[in-house]
Structures are given as structure tokens and as C-alpha cells.
Amino acid sequence: MKINVRIFLITFFIIALFSIISIVSFYTAANRIIKDQNNQSLLNSASDFVFSLESEVEELKSDFNKINFRYSLNKVNLESTAIDFIVIVDDDFSIEEKNIKTKSSMLLNFGPSQFNEFITENSNLLLFHTRDRQTRTIFYGKMVDQIFLNNLAKKNRAEIAFVSSDVPQLISNIDVNNHLYSNLTKAYNELKFKNNFDISWLEFDDYDLFTTIYKSKTVLETEQRQAFLIFDSHIESAHFRSDLQMLTIVIAISAIFLTIIFILIFTTKFRKQIGLLSAATEITREGDLDHRVTIISKDELGELGKTFNLMLDKIQLNESEEKEYSDVIQIVNQNPSLDKISEAVLNKLLEVLSINFGAIYLNNNGELQTLASKGLSMNTISVKNGGSIYSNVINKQEVHELYFESDLPVLKTASIEIKIKYSLVFPIIYNKKVIAIIEFASEKTPRKNPKVFIENIADQFAIGLNNAMSYHQLQNLVGELKELNEDYYKQNEQITDQNTELKLLHKALQEKAKELETQKESAIELTNVKSQFLANMSHELKTPLNSIIGLSELVGSDPDSRPKSKEKMSIILRNGKKLLALINNILEFSKIESGRLEIKKSSFLVSALFEEIYSSIEPLVLEKDISFEILLEGDEDYLILTDKRKLEQILLNLLGNAVKFTDEGVVKLIVKPSANKLDFLVVDSGIGITEEDQRFIFNEFHQTDFGSTKKFQGAGLGLAICKRFADLLEGTITVKSKLEKGSTFTLSLNNIVIETVPLNNTGHFSTLKTHSAKSSDDGRKVIDAAPEEEKKELLINKKHIPKILVVDDDSDTRFTVGEILNSVNMEVLFARDGVECLNVLESMIPDLILLDIMMPNMDGFETIKRIRKRYKKQNIVVAALTAQAMLDDQEIIKQNGFNDLITKPIVRSYLLSKVSNLLSSEVEIS
């Protein structure tokens, strides 16, 4: 195909393509504008519709809330309300005629006796439901009819269709919109699995249909899948497409005529210049590089012709340089000797570059050894001390190229001085190291750029030099190997003797390894024995403490006890709790050492910790004349995700220490957010800690020195456990303190806050942020800001006295727990093991069972398993009652069917609080 035809076709297609693209772009833009306007108008109408619909719903719910259901449903008047009907269903969802109420104008089908059939027969209902005090289900709502849709359409400037069971049931303004019924079904099928306010756009010959969907979340969802379609039809888009088709034909015909005129007028010289370029290309292809293109135009084609001629010049020059490169590479490959390759390459480079002076140096560990030279010194050059051009070239691998215009350096020979105008020092690099340097000096500027030329041959020259050096080293190595071979035979006999010794040593090591394996198995067995011992010891130690602490609390709170006896009992109680804390710390530290601690995260509110912390610290601050405050900074509570039990134990250990070392003043727990973390600060005004002790205070068994008398007792494990727990929670714990000024311990936990909630909605100390203990006039400690439920006396609903079954093999525990529960007028039954517990259940079902875990005959786990199987329908409330240290995990207890866990030794306030939460709502224990 000739170029003229090609130019015509290319030009025609370009213009045609441009025209089509312009028309399509214009159509798309205009269509988008129309679509966006219609979409926005529809969305505005949809928004107004939703507002109107939800207003109707709110009015309906408001009217329903005003109805009094204490009287018969027949007495309810619906005529003045927005409610069209009310239906009350039984537990089996059957409908009785007396439980139906409708407006007089409503025509509903109440033939079915089941509510599901009623919904199916009346598919055009907006349903809502609730439950009354008698736990009956009440359905109420509004019927969607033609009047309802017409009113909504009139208010919101758009047409409305009501869809039920995936079919449009009603359409507003039915006389006008009846012809849209089938297309509305298509639109709904597009939108039914999409979100509210997504838009469907359907194009038809006579109009465009814009539709969006709204599924109310406030209306009860039924099997009929109800929804509203908000739609509008427009004929303007269809007219616009028809006009644009005619415009496209006119523009296409015009483009053809413009193409012909453009080619005939503007491409004559253009085509001629292309012909000259084509002819020159054919001549050049035959191998004639001396031919040049004649330039007849000054446009881009003329510039192309000039560029073509320059390209031929460059090709001729490159061919010459390629030959010169090939000659140098051939010299490199022909000479294996280091001296010969250097001499030959230097002479060829000086010849090609027309330079008179040069040298090649070998880099030998910081000393430049001259391999070949012409006009330059043959001396060895040391570059180890640095500071010269050679040292920069070697150390930094830089190329030094200098052109001198004035103050020319002088090169002195034996008889003459030559002024240098050009100098080049170039590193030869192999394997990222400078192995040689090429240096040139010229009294005139070279016609070729030596730097570019050497860059092109540097890699091949480096390989050649390295091969030559390797060849030289190989010759030396062969001689050395001959000497080493002789030494090898001499050493072989020595190695044979040493091999025999190594075999004996290997046998001894195997025997030692067996001994170590035996010791390892013994260590593992000892660890298991230790864990079992600690588990049993926790039970054996905490069981007697249960009676000591529980009965001490009862005697101390008995108004008939003498003051002297109360004082003695308070001492027993105080020391019992200290012993319990010491046992717990030792057991926790043992768990940490055995590496069996796991992080079990859960989400909870920070304020949920306050009540448990407050009840634990209250007896300690009441013992001293000091104040205790819990401060939650800001007006928001924090929902956090972490291990609640370990966080609580850290805070209790820190607060216990703070109270212990504070004789007057105040102890505070402050919670405040900081960047992406939550800080828990324990502040006291106690004796303080020296800077020396602050360095070791978190070490195991470390106690600060407070004088010759050991006033503050303990095992030195509390802060060590806090530090280990903080590390497990991926947090940090720090201390700031001054002697006689008090201390501040800060626990920082990163990225644990899930969200913030208003403080007055948490349910924990909702109106109080500060909790303090102080002395009253009669000498008693009064907690001002304790939770309101702690200030009330324990009251029992007189209509029902709760029955509590205590199951424990220890008689002291049964007596202690029974006395505590009897003190609040509860009826207490006892059983010594699981078998007796099951026998008691045969005759009566208690309100609550407190079940010990470790018992003879039948333990707690087997007992709860049989209770849940035998009394499945009674839903008996059972709490685990145990002192076993290794069973204090809430998840293990609940997985085995327990409702809660109560740990020994029993503290009166703790036991009553747990029992209060476990009993049913019919038994009021405040």
C-alpha cells in the first residue's frame, strides 16, 4: 500500500475517531448530568419519604405507648390514633377473637387462627411488636392502602410503590402509573439485594425509569420481605438520545469531506519529503553510509531528515570506535601474563586516544605497583596514609578527570618540562574492589573522551587483569601445594592417632548425654510434683483460713460480743488476711516460674473494677486513719480488652502496699487516658522509697530496708508479680518516689481501649467518681462514696426465704458458711459430699447450691455433671466453692456447668455479694 493511501486512511480514521469520541463524550457527559440531576431529585424525594414514613411510625408508637392494657382490649379506642389494628397472640402464636382490635374502617382478614397465616393473608401490613408484663406478645401496626401511598407521594414529590413477597402490591396514583407495573418489578429485582437509597436506572424507548428502595429497620421483618420503591419516570432522556443519533450522522459525513480537503491541500510537500527519506533508507540498507538525505521542508519531516543524516554520522563513528574496542579486548584476551597484558593495553590506549603519557598500576593492599608506564614514574606509590588523589580513587572508587585552562601543572622528564592540559586517573574495579588504576596525562585536550572510552572497556580489562593475576597466583600455588603435600603425609600419621582419641571422647560424650537426659526427666517430674503440691497446699492452707477469717468477721460484727473480744478478733482477722495474701503471692509466683500462666482477654468497663477493688481495700483503710479515693479522669468510662483478673491483681497488690506504707494522709487510684494507652496510677502519701531501693524494688524477694526493726512484713513477691503480670499484658510499670513524700506507681497498658462510653450509662458508680474513707465522730470508718447498694442493710423478702445448700467435706467450712448465711436470715442445708447433695435434691430443690470441688466419694465436677443431667428442666443455680489454687479460672468453672466461682477462704461481704447476684430476682438481697 502506497504512503499516500496510508496517509489518507490514517487521517480519515483519526478525524472519524475524534468525531466519534467527541460525540460519545458529549453524550456521556450530558447523559451523566441528566442522570445525576434525576438521581439527586429522586434521593431528595426518597429522603423526604423516609422522614414522612418514620414520622408516621413514631406517631404510631407514641399512640401505642399511651394505651392502657390493664382493661379489656375491647375498651381500647383506635379511631383517634395512627394505629390501624392490635393483635395479642398466645405463646403458641394462636389468635383469639377477643384479642383483636381494629379501626372500624379497616378491612382485615382474621379468618386464620394462627398468626403466621394471618400475616400471609394480610401482606400489606406494617407490623410492630412488644411484650407486656404478662409476657404476652402484642402486634400492632398500620395497613398500607392506596390512600396511604397517595398521601406519601403527594408529600414527597415522587411516586411510591409498596412491595410484598418480591412483588409490587400497590402503586400510588394508579391511574397514571399502572403502565409501569412490569418495569417496577424489574427495578425491584435489581434493588432487592442492595442497600437503601441505591438507585436503578432503566432505559426504554419512550421514557427512563429511576427507582430507589427503602427497607425500614423499625418495621418488623416478616417472610413477605416488605419494602418501598420510590420512583420517577422521565421522557426527556429518550428524546435526547434520538436527537443525538441524527447529530452523529451529520458530523460523520462532515468529517469525510474535511479529510479529503485536508489531504489534498496540506500533504503535497509532506509526501515528497517522506519519499526522499524512504529512498535514502533503501540506499543505506545496501551498505552505503556516505549517502545523505536532501532536505526540502523546514517542518518536522525536515528535522527528521537532518536527524537521519546525523544518525549516519554517528553510525560511522560508532563503527570506528567498535573496531578500536574490539582491538583492545582482543589484546586483553591474547596475553595471559600480567606484565604483557598491561604493556599491550597501555600502548593501544595511547595510540587510540592520541595521548603521549600514561601508566597502569596494580593495587597491592594500599601500594600501587607499576605494571606498565610511558613517560611517567616507575616507582611504587604508597596510598595507605591517604590524602592523595590515588587514595581517593581507591577508597571512594572515584574517577578524577581534570581539564586545565590556567596554572598548568608541569610534567618533568630528564631533559624537558611539559605543561599538562588534561589528566585522568581511572579505577579498574573487579568484584566491587579497585584492583588497578589507569593514569593518563596530555599536553593537549584529546580529540576523544578518554573517560568514556575506558568506561566501555573497564569491565573486560578488569576481568583480563584478574585472570592474569589468578594465573600468576596459580603458578605460586602449585609450588606451595607441592610443599604442603609433603607436610600432609607427615601429619597424616598424627591425625590417625588423634582420630582414635576422638572416638574415645565421643563415647564418653554419649554416656554423659544419657545422664543429662535422665536428669532432665527427673527435673520435669519434680516440676509436676511441685505444681501438684502447691495445688494441694492451697486447698489445705485455705480451708482452715476459711473458718478463721469467716468466723472472725462474724464475731467481730456480733453486737453482743465484748469490745475486748472484738479487738482480739480484729487482730486474728487482720493477720489471717495477711497470711492469705502471702499464700496467694507464693502460689502466683510459682505459676509464673512454671510458665503456665496464660493471658485470657475479655472486654469490660474500667468502672466495673471499682466495686471489687473498693471492697478489697476498704478493710485495710478502715484499719488506719487514712483516706482512700478512686478517680476516673474525665466524664467518660472506657470499654477495654485485656485480662481482667491479672489487671485487678496488679492494682490490688499496688494499693495494698500503698496502704501498708501510709500511716496518715491519702491513698488514691487514678485512671486516665494518655495517647494510645491507659494509665493506672496508685498514689500514696506514705514513707516513700529511696533511689537505691527503686532500682531493685521489682526484684523477687527484695524488701526495702526501713531500719533494724522489721515493721513492714511480707515475702517480697507482690511487686515482682505486678512486674511479671504487666509484661504479660504488654504494658509497663514504673515508680516515682521521695522519702517522707510518698510514692506513685504507674501501670501503662497500650492499645486496650475499644471505645469510650458516657460515665452515667455504665451502671457502676454512675454519679460518683471519688471514693474515700474517713473517720466519723463515733470512731467508726465511714465510706462516703461507696456504691449505694453497700450502704443498705441486707434485707430478705418476707414472702420467700431463700434455701441454700452448702456442700463441703470440711465441717469448719460448713459451719462458717452456714453462720454467715444464717446471720442474714437465710435457710441453710448441708451435705458432706456429692452423694449426700444428690440425696438432698431428691426431696427438695434449693434456690442455690454452694458446691466444693475437692471432696471424697464424689467430687464437685462429677456432682455438677449429674445435677445438670438429672435436673435439666429445673435450671438449678450452682456456684463452685473451692480453695484450689489451680482451679480459680472462671472459664474452666463455667465450662463444667457452674454459674459462678466463690474462692476460699470466705470473706463475709464477698460471700453475701456473690450470693446476692446468684439468687433469682424474686429474692431481694440488697
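Helices (H or I, at least four residues) and strands (E, at least two) are DSSP runs, numbered from the N terminus. The model shown is predicted, so local features need pLDDT of at least 70, side-chain atom pairs count only at pLDDT 80 or more, and totals for chains, interfaces and linings use all residues. Residues are numbered from 1 along each chain as its sequence is written, and side-chain values use heavy atoms, with hydrogens and water left out.

**View A. Ser72 in the loop between H1 and S1.** Ser72 has a relative accessible area of 36% and is therefore partly exposed (buried means under 20% relative accessible area, exposed over 50%, partly exposed in between; 1.4 Å probe, protein chains only). Between the C-alpha atoms of Ser72 and Lys98 the separation is 8.6 Å, and these residues are 26 apart along the chain.

**View B. The aromatic pair of Phe49 and Tyr214.** Rings of Phe, Tyr and Trp (its six-membered ring) pair if their centres lie within 6.5 Å; planes under 30 degrees apart count as stacked, over 60 as edge-to-face and the rest as tilted. By this rule the count comes to 13 aromatic pairs. Phe49 and Tyr214 are edge-to-face, at 6.3 Å centre to centre with 85 degrees between the planes. Phe49 belongs to helix H1 (residues 3–65) and Tyr214 to strand S8 (residues 208–214), so the pair ties together parts that are 165 residues apart in sequence. Phe49 counts as buried, at 0% relative accessibility, and Tyr214 counts as buried at 7%. Ring pairs link Phe49 and Tyr214 with Phe162, Phe197 and Phe228 into a cluster.

**View C. The aromatic pair of Phe85 and Phe118.** This pair is edge-to-face, with 6.5 Å centre to centre and 70 degrees between the planes. Phe85 in strand S1 (residues 85–89) and Phe118 in helix H2 (residues 115–121) are 33 residues apart, and their pair links distant parts of the chain. Both Phe85 and Phe118 are buried.

**View D. The crossing of helices H17 and H21.** The axes of H17 (residues 811–822) and H21 (residues 908–918) come within 10 Å and cross at roughly 70 degrees. That makes H17 roughly perpendicular to H21 (65 to 115 degrees; axes are lines fitted to C-alpha atoms over the stretch in contact, and angles run from 0 to 180 degrees between N-to-C directions). Val817, Ile820 and Leu821 of H17 meet Arg908, Leu911, Leu912 and Val915 of H21, where contact means heavy atoms within 4.5 Å.

Conventions: Parallel < 35°, antiparallel > 145°, perpendicular 65-115°, else oblique.
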